[in-house]
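The sequence and structure come first.

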Amino acid sequence: MQLSEDKKLLHRFGYAQELLRDMGGFSNFAISFSIISILTGAVSLYGHGLTYGGTGMMGFGWPLVALFCMLVAASMAELASAIPTAGALYHWASLLGSKRWGWYTAWINLIGQIGIVAGIDYSVALFADGLLSPVLGYQMTETSTLILFALVLLSHGILNHVGIRIVARLNDFSAWYHIAVVLILVVSLAFLGNRPLQPIDTLFRLGETFSDKPYWLAFLIGLLQAQWTFTGYDASAHTIEETINPRVRAPWGIFSSVAFSFVAGMVMLAFVTLSVHDVKAAVSAENPFIYVISQALGTTFGQTILWLIVLAMWFCGLSSITSFSRMVYAFARDNGMPRSDWFARISKRYRTPVPAIWLSVILSFILALVDYFIKMANPNTTYTTLAFLTGVSVVGLYVSYGIPIWLRLAAESKGRFTPRHLGPWNLGKWGKPIAVAALMWIVLISVVMVIPPNQNAGIALVAMMLILLVMDLAYYRDHFPGPQAALRVSAEELARREAELGG
């Protein structure tokens with residue numbers, strides 16, 4: 001009965017039920033929780049946060065970012081309940097603004113998706129390379145990390161190709177796995193550490209920075225650690241056409257994934273940071289997080305914990321490819337990109353968007369490869385590849401989050417979006433002030449994330465935007481029909497598409 005209602009709802013927006021609708025509420029939550037992955041963002045950029053903001057970054061920076069991200073997530077969840085299609089941000093912007101707003105939102109989100117997939121899987125490779133190199137006796141280099149990065153991407157592409165059922169089950173497992181590893185790490189540091197924990201006020205020590213920036217600026221730059229962690233929760237919206245009872249479950253997936261990550265991440269970072277007895281030595285280490293855990297738990301036990309964390313990062317990357325490919329599929333379905341006919345194809349055997357999956361893999365590898373060649377040409381560069389990739393993803397994703405939120409406010413002021421347009425998950429009278437606060441935060445962090453030393457991320461984003469402008473003026477301004485065109489699809493055509501896939 002519910003599946004039939006969900007299909008009818010999708011038909012109202014002009015789309016056939018082509019993807020397999022098999023995800024429950026926990027699976028929808030799990031994909032966003034796995035992409036946020038406190039064992040990826042907070043861990044891989046731990047050294048970045050410690051370098052710029054000191055230990056106070058964990059006590060003040062993390063909750064500051066988390067609270068504002070919860071406001072962004074709440075505003076997005078409200079829109080997901082109102083417009084439950086896989087196009088998500090792109091469809092929201094198109095229906096609340098115009099098809100050109102939708103087109104730019106889609107591409108900016110895709111840029112952010114490229115950055116987040118590349119950043120996550122590069123984190124896996126970076127940690128795996130750091131753990132493997134001393135054991136296998138080889139020198140860790142940019143090249144060895146890039147090779148491992150390619151292998152990780154390949155594994156994620158293959159699993160997403162095979163089917164949503166496998167990925168959904170792994171996402172469910174990933175959520176529980178993340179929670180279990182955080183508990184193991186916290187308990188180990190609390191009771192099995194080599195030395196007693198530092199006093200609790202260590203977490204709230206401000207004024208300490210190991211950069212050449214004044215502290216107020218260094219603290220802002222250090223927020224990248226938390227801000228990148230809280231990205232990718234739009235995955236619950238991108239998989240909305242695969243979720244049962246989507247207008248309720250997907251919004252809860254968006255919001256609760258941020259809320260749970262806030263609490264679990266705060267606890268984890270507290271115990272990790274209280275285990276640091278020499279902050280300067282940790283910052284100077286090749287990988288500060290590996291250094292801290294190894295010092296606190298010893299080499300053998302510490303490395304076992306670190307490998308558990310690497311696997312959690314791998315799960316995070318798997319989920320991010322799922323989200324990225326659904327966005328590509330939804331956009332291509334509306335003829336918004338070159339060779340849309342190809343990238344909108346669904347495998348009859350696996351019921352997954354196979355071309356979109358492999359495009360996601362290839363583009364993510366290319367972004368890291370470009371950075372690799374830049375570093376080969378300029379070996380004295382001081383920025384890190386991870387900061388570059390994460391900076392691109394934060395700004396790309398959050399700008400794409402902000403556009404439909406702003407358009408919703410504009411539509412409200414013109415009477416085009418009213419309470420009757422809201423879905424069952426809504427914020428009521430708090431919707432407008434929460435949206436305004438969310439937009440103010442997005443503007444702030446979009447500037448902070450691309451200032452020196454991470455200006456290369458800003459340059460890359462500007463270059464990508466110029467390419468989009470050329471594409472728009474040269475072709476898409478006159479030829480992109482927008483998602484509204486799908487509303488003209490006949491019931492017979494929808495039934496035909498579903499019959500072809502056995503739906």
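Contact here means heavy atoms within 4.5 Å. The model is predicted, so local features need pLDDT of at least 70 and side-chain atom pairs count only at pLDDT 80 or more, while totals for chains, interfaces and linings use all residues. Residues are numbered from 1 along each chain as its sequence is written, and side-chain values use heavy atoms, with hydrogens and water left out.

Leaving out residues up to four places away in sequence, Ser257 touches Phe29, Ser32, Phe33, Ile36, Tyr233 and Trp252. Ser257 belongs to helix α13 (residues 246-274); helices are DSSP runs of H or I with at least four residues, numbered from the N terminus. A polar atom of the Ser257 side chain lies 2.9 Å from the backbone oxygen of Gly253. With a relative accessible area of 0%, Ser257 is buried. The classes are buried under 20% relative accessible area, exposed over 50%, and partly exposed in between (1.4 Å probe, protein chains only).

A nonpolar core is a set of buried Ala, Val, Leu, Ile, Met, Phe, Trp, Tyr and Cys residues joined through side-chain atoms within 4.5 Å. The largest one has 157 residues, and Trp92, Phe230, Tyr233, Phe289, Ile309 and Tyr398 have the most contacts inside it. Helix α7 (residues 99-136) supplies the largest share of this core, 18 residues. Apart from neighbours within four places in sequence, Phe230 is in contact with Ile36, Trp62, Val65, Ala66, Cys69, Val258, Ser261, Phe262 and Tyr398.

How many disulfides does a search of the whole structure find? The search finds zero, a disulfide being a pair of cysteine sulfur atoms within 2.5 Å. For Cys69, the closest cysteine sulfur is that of Cys316, 15 Å away and too far for a bond. Cys316 is likewise in no disulfide, its nearest cysteine sulfur being that of Cys69.

Rings of Phe, Tyr and Trp (its six-membered ring) pair if their centres lie within 6.5 Å; planes under 30 degrees apart count as stacked, over 60 as edge-to-face and the rest as tilted. The whole structure holds 32 aromatic pairs. One of them, Tyr475 with Tyr476, is edge-to-face, at 4.9 Å centre to centre and 85° between the planes.

| Residue | Relative accessible area | Class |
|---|---|---|
| Cys69 | 0% | buried |
| Cys316 | 0% | buried |
| Tyr475 | 44% | partly exposed |
| Tyr476 | 8% | buried |

Methods:
Helices (H or I, at least four residues) and strands (E, at least two) are DSSP runs, numbered from the N terminus. A polar contact is a pair of N or O atoms within 3.5 Å; within protein, one must be able to donate a hydrogen and the other to accept it, and residues adjacent in sequence count only if both atoms are side-chain atoms.
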